[in-house]
There are 2 protein chains.
Amino acid sequence: MPTLHDVAKAAGVSPMTVSNVLNQHPHVRAETRERVLRAIDELGYRVNVAARNLRAGRTNTIGFAVPEVESPYFGQLASRIIARAHDAGYRVAIERTGADRDNELSAITSSRTRMYDGLILEAVGLGSADRDLLHTDVPMVVLGESVFGAPVDHIALPNEEGTHAATLHLIDRGCRRIAMVLGDELHRLSVTSLRHAGYSRALAERGIATDPSLLAVTHELTAEGGRLAAHRLVDAGAEVDGIVCITDTVALGVIRGLADRGLTVPGDVRVIGFDDLLEGRYSVPSLSTIDPDGDTVAQLAVDLLLKRLAPDPHWEPRDHVTSFRLVERESTA
Amino acid sequence: MPTLHDVAKAAGVSPMTVSNVLNQHPHVRAETRERVLRAIDELGYRVNVAARNLRAGRTNTIGFAVPEVESPYFGQLASRIIARAHDAGYRVAIERTGADRDNELSAITSSRTRMYDGLILEAVGLGSADRDLLHTDVPMVVLGESVFGAPVDHIALPNEEGTHAATLHLIDRGCRRIAMVLGDELHRLSVTSLRHAGYSRALAERGIATDPSLLAVTHELTAEGGRLAAHRLVDAGAEVDGIVCITDTVALGVIRGLADRGLTVPGDVRVIGFDDLLEGRYSVPSLSTIDPDGDTVAQLAVDLLLKRLAPDPHWEPRDHVTSFRLVERESTA
DNA sequence: CTGAAAGCGCTTACAG
DNA sequence: CTGAAAGCGCTTACAG
């Protein structure tokens, strides 16, 4: 495997000149550059990235730590983040945390080891008590709902507002027995507690009594979790006419679970999700949802991180919340 | 940021001993190890991976180059590959090629990917003509249907056999006007040509005439592509009673497209896909499909690659084809 | 516009 | 069981 020195020798220049050509530094004569490029081509030379990283002290790579790579939500978000980072000349390395608190913390320390220039961390397992652990020298942007007010740049979805709008939408469609399928973290800061707050507020505003038997908890925010939750609601005789679901993936499982019990959507029950996944555009019925503006999330996450990487990042980190859009489709028609 | 030398100084040992502790080499006295670990802890030391990689000449990381990170198929495959590689002590870095031939080639040669010990490449843009370009010194396993007989380890899905079984299944269910929704590469080696061959063979075996108007081409193997293909079939008055779809994602779009035209599945038309994605288990109707044994694909891909990375990989590379299972669900009931 | 020298932080033979 | 020395392949000031 040829090295930069081999190229230098072949081109009759110093290693430094080769390096300058490689890194597109301006002060190289066109004729010299030509000679170097030809030598690179002839020898089939490739930069040794490990050596470059070691010497330069950076990698032009940002880490993106997600709970699950197979989740459509994170797949679609990763795709957007990769596109945005690519435009800025950065690569994205995807790490899997398994939604585990310790893995999320070690994603932070390991990004120093891995020599990512910065980290975008989707925090699920972390809680408010871990706030201070986020005070590190690793340039970082945290996504998710589990930590607010920490000393890092943080982007949250419009959880409370979004679910509030979703619930009002069901009420406007005539639903009165409105269930919610949600996760099990109702009593700590989480996607579940925030989205539940929006649901409760909407019901209260319209004078509809909340009924604990209309809350169906699923421990996993998956389609299977949604399916089983729907079974429980129906089997308990809850007589629901609308269901607010914590995510689109759960909502698609809920629709499936209702079908298992012979109930149709929106005929018997109206269903709305959250995320605006591609899947919900093609399901039968197509899924009404809250679009939390994933493009902006991705763009903001990358841009905030790059600003941290720039010289003199002196401003205070803060919490950002994106806007949303109610998307009406067949499932609430 | 403390270095290994700082740890050595703090523990009163040589750098080499710290390195031995870090790499779990056996010849370190327990008491010395303790001292070193304590120093590591106190200083908050982290290995500099760039330096380690440079010196060791390997990264314990394998690259997985996929067309699209947001595709459920690749997300689910990546998840399996990550799990398998993790068990073997390797990390996986996901690269996006955009299904582009040049990007697939540069995944093999680029400096960036030089930092992987080996590469799993999902080839879509590459063709048979590129066979010789795969003759590199990069340890590599190629997945996909676009290149057979190249001098690399290669894993293909049971395309022809799988679609053959899927088509027979529709015939057994009573379908006679069976359409296929496929990609546009019917005349070169591709997923489309192989799966089409299985479809044609099944029809021929049962004495059903093939009808070109029953082939619906979609340029993108997406749900949207499937939806539009279904529209074209219906709008052309094709009077189909069964549709073999090239992938599950396309099949879900086809079901959606039929719904757009007021047709139900399986009542008016039976539909079957290929891949056994999670999405198809929760759709309404749930999707019959060919399960190409993704666990085995992932396991074989990682194991073949690791064997190539071991000393003396002297055997001939060859093409592997996994087995399949017909999964009967509601869409063909 | 180009070069000689130093050094990023590790691990690997080679000794003892 | 432990150490001293060399070197992996680059880039970065510093000169000229």
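Two residues are taken to be in contact if their C-beta atoms, placed from the backbone, lie within 7 Å. The model is predicted, and local features need pLDDT of at least 70, side-chain atom pairs count only at pLDDT 80 or more, while totals for chains, interfaces and linings use all residues. Residues are numbered from 1 along each chain as its sequence is written, and chains are lettered from A and ligands numbered from 1 in the order in which they are written.

We may begin with the meeting of the two protein chains. Chain A contributes 37 residues to the contact and chain B contributes 35 residues. On the side of chain A that touches chain B, the elements giving two or more residues include helix H4 (49-56), helix H5 (72-87), strand E2 (91-96) and helix H6 (101-113) of chain A; helices (H or I, at least four residues) and strands (E, at least two) are DSSP runs, numbered from the N terminus. H5(A) provides the largest share of this side, six residues. By class, this side of chain A holds 19 nonpolar, nine polar and nine charged residues, where Ala, Val, Leu, Ile, Met, Phe, Trp, Tyr, Cys and Pro count as nonpolar, Asp, Glu, Lys and Arg as charged, and the others, Gly among them, as polar.

How are the two copies arranged? Chain A superposes on chain B by a rotation of 180 degrees with 0.0 Å of shift along its axis (RMSD 0.5 Å), by least squares on the C-alpha atoms of residues with pLDDT of at least 70 in both. This is the relation of a two-fold axis. The C-alpha of A:Ala50 is the nearest to the axis in chain A, at 2.5 Å. The copies meet through the same surface, because 92% of the interface residues of chain A are also interface residues in chain B.

DNA strand D is surrounded by 25 residues, the closest being A:Leu4, A:Ser19, A:Asn48, A:Ala51 and B:Ser14; a residue is near the strand if its C-beta atom, placed from the backbone, lies within 6 Å of it. H4(A) gives the largest share of this surface, five residues. The surface near DNA strand D has 13 nonpolar, eight polar and four charged residues.

Within chain A, strand E1 (residues 61-66) and E2(A) run parallel and are joined by six bridges; strands pair if DSSP finds at least two bridges between them. A:Phe64 has A:Ile94 of E2(A) as its bridge partner.
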